[in-house]
Amino acid sequence: MEKLIINGGTPLRGKVQISGMKNAALPIVVASLLTNDVCVIENLPSISDVTLTLTILEKMGCRIRMLTRDRVEIDSRPAVCGSSPVELVSKMRGSTYLLGAELGRWHRTKVGYPGGCDFGVRAIDQHIKAFEALGAEVSVDKGCVTAAAPRGLHGSSIYFDLVTVGGTVNAMLASVMAKGTTVIENAAHEPHIVDTANFLNTCGARITGAGTDTIKVRGVEKLHGCSYAIIPDMIEAGTYMCAAAATSGALVISNVIPKHLESISAKLEEMGVLIEEYDDSVYVTRSGPLNRVNVKTLPYPGFPTDMQPQMGALMCLAEGTSYLNETVIENRFKYTNELQKMGASVRVVGHTAIFDGGAPLSGAKVRAVDLRAGAAMVIAALAVRGITEISEIDHIDRGYEDLVGKLRAVGADIRLVVYNDTQMLDEA
Ligand code: EPU
C-alpha cells in the first residue's frame, strides 16, 4: 500500500507542465478500436486509468506499443469483440466507451458493467437509449451489458434527457459508421467531447457541431488509422491553480488551453487570486487573503464538477462562509468528512456544502476517498502547517501524472511511502 506524507505550509513556486487530458484520452484510446487499423496517440497522460484501458485493449487482442512515454501505437486489427475482461472493465467508468466502439465496429457488444469513482448510482440509461435509437437491442444482466443490431445500425435522432458526457461520446462512437445521419440533441459540450469528435474526424468520420447542443454524425463506410495529439487536462491544470492559491504561491502552469480554464479562473479571481493568461500557459499567484465565494457546478462551460472538491479545500481557507452547490453528480461530498479531520468547519445540506472558512486547520491522517477528493486532500495538506498522511492514494494515480514529482519540483515537501499493514517498508 502507498501513502502520501505532506509537510505543508510552503508556498509553491515555479513551473508545472500539464499532461494530456484523462477524460479525452480514455474515449480516444477506446475509439481507436473503430478504425480496424493502426493509430498513434500522442500527449497521452501516464496515469493508471490509461494503463488499465490499454491493458483491456491488449487483452482484447490489440497490439499496443509505447513509442515514447507519452506516445502509443494501437493496432486494433486483431481485436476480438466482447473479449474485454470483466474484472478490469469493472474498475473504471471509461470502460462504458467499449460499448459504443464495439457496437460501431461489429454491430454487437458485450462488456462488464462499468465501475469508477463511487458517487452512488451512476446510471447508463441514456447510453442505452442512444444505442436503441440507432437500432440495437440492449440488455443488462448478471453484471454485463449486451447489445446487438443484427441488421446494422441506422442514423437516428437522439435526445438526451440530461447532459451526459459518457452518453454523448457513446452516441458518437456507435453512430459514426451507421447508415445515414444521426442528430444528437442536448449533447454535452465539454472540450473532451470536441477532442473525441476531432480524433474521429481525423480518422475519416463526418461529425459536425461538437461543442454545441446539437451534434450531427453523417455515417461513413469505414474509418482509417491516424496520428492524433490529446488536448491538455483542464482539471489537472485547475488543481495546480488551486494549489498555488492555497499556498500563497506563484505558479506558471504550462501546456494549457486558457479558454478551457475560464470558469475556474473566474472563481479564483473572485477569491482574490491573480491570474495572467498567455497563449498556452497561465500564471497564478496570491498575496492577500482568500475571499469567500459561492460556486455551483454545471456542465461545460459552467464550473466543472471535477473541480468541486479542490474548490472545497480552498473554501476552508477563505474568510467567511462559502456555499458549494453540486448539480451534476449525485453524491460527491464524501471528502468533506476528511477535511473535518483537519479541522475544517463544513456541513452538507442536500446538494450544498457550506464551508465556514478561516477555522485553523492542521495536519491529520486522511483518506483519498476518490480521485478528485484525493486532489482536495493534497491541496489542503499543502496549505496547512504540519504533517498530513493521505492513504488510499491509488485513486489519485488514476488521474494525476507524477503528482509527487511535479509538486516536489515547485517546492512541496511531499513523499510517497510504501508500507504494509504493520510497518513502513520503503520510501520513493
Ligand atoms: N447519468 C444518468 N444516466 C446516464 C448517464 C449519466 O443518469 O445514462 C447521470 C450520472 O449519474 C451523473 C450525470 O448524469 O449524475 C452526469 O454523468 P455523465 O454521463 O456526464 O458523466 P460520466 O460520463 O459518467 C464523465 C467523467 C467524470 C465527470 C463527469 C461529468 C469520464 C471517464 N468521466 O463521467 O470524471 O465527473 O463526466 O463531467 O470521462 C473525474 O475525472 O474525476 C470524473 C469523475
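Reader: Which residues in α4 are buried?

Author: Bear in mind that this is a predicted model. In α4, the buried ones are Y97, L98, L99, G100, A101, E102, L103, G104 and R105.

Reader: What makes helix α4 largely enclosed by the rest of the structure?

Author: A residue is called buried when its relative accessible area is under 20%. Nine of the 10 residues of α4, which covers residues 97-106, are buried, so the helix counts as largely enclosed. Just past α4, H107 has a positive phi of about 65 degrees.

Reader: How many aromatic pairs are there in the whole structure?

Author: A search of the whole structure turns up two.

Reader: Why is the pair of F199 and Y228 called edge-to-face?

Author: Two rings pair if their centres lie within 6.5 Å, and planes over 60 degrees apart make it edge-to-face. Here the centres are 5.7 Å apart and the planes sit at 80 degrees, so edge-to-face it is. This pair links distant parts of the chain: F199 belongs to helix α7 and Y228 to strand β13, 29 residues apart. Both F199 and Y228 are buried.

Reader: And what makes the pair of F333 and Y335 tilted?

Author: Stacked needs planes under 30 degrees apart and edge-to-face needs over 60, with the rest called tilted. F333 and Y335 have 45 degrees between their planes, which is tilted, and 6.4 Å from centre to centre. Both of these residues, F333 and Y335, are buried too.

Reader: How do you know that K3 lies over the face of Y419?

Author: The distance cut-off is NZ of Lys within 6 Å of the ring centre, and NZ must also be within 35 degrees of the ring normal. K3 is at 4.9 Å from the ring centre of Y419 and lies over its face.

How values were computed:
Residues are numbered from 1 along each chain as its sequence is written. This is a predicted model: local features need pLDDT of at least 70, side-chain atom pairs count only at pLDDT 80 or more; totals for chains, interfaces and linings use all residues. Side-chain values use heavy atoms; hydrogens and water are left out. Rings of Phe, Tyr and Trp (its six-membered ring) pair if their centres lie within 6.5 Å; planes under 30 degrees apart count as stacked, over 60 as edge-to-face and the rest as tilted. Helices (H or I, at least four residues) and strands (E, at least two) are DSSP runs, numbered from the N terminus. Buried means under 20% relative accessible area, exposed over 50%, partly exposed in between (1.4 Å probe, protein chains only).
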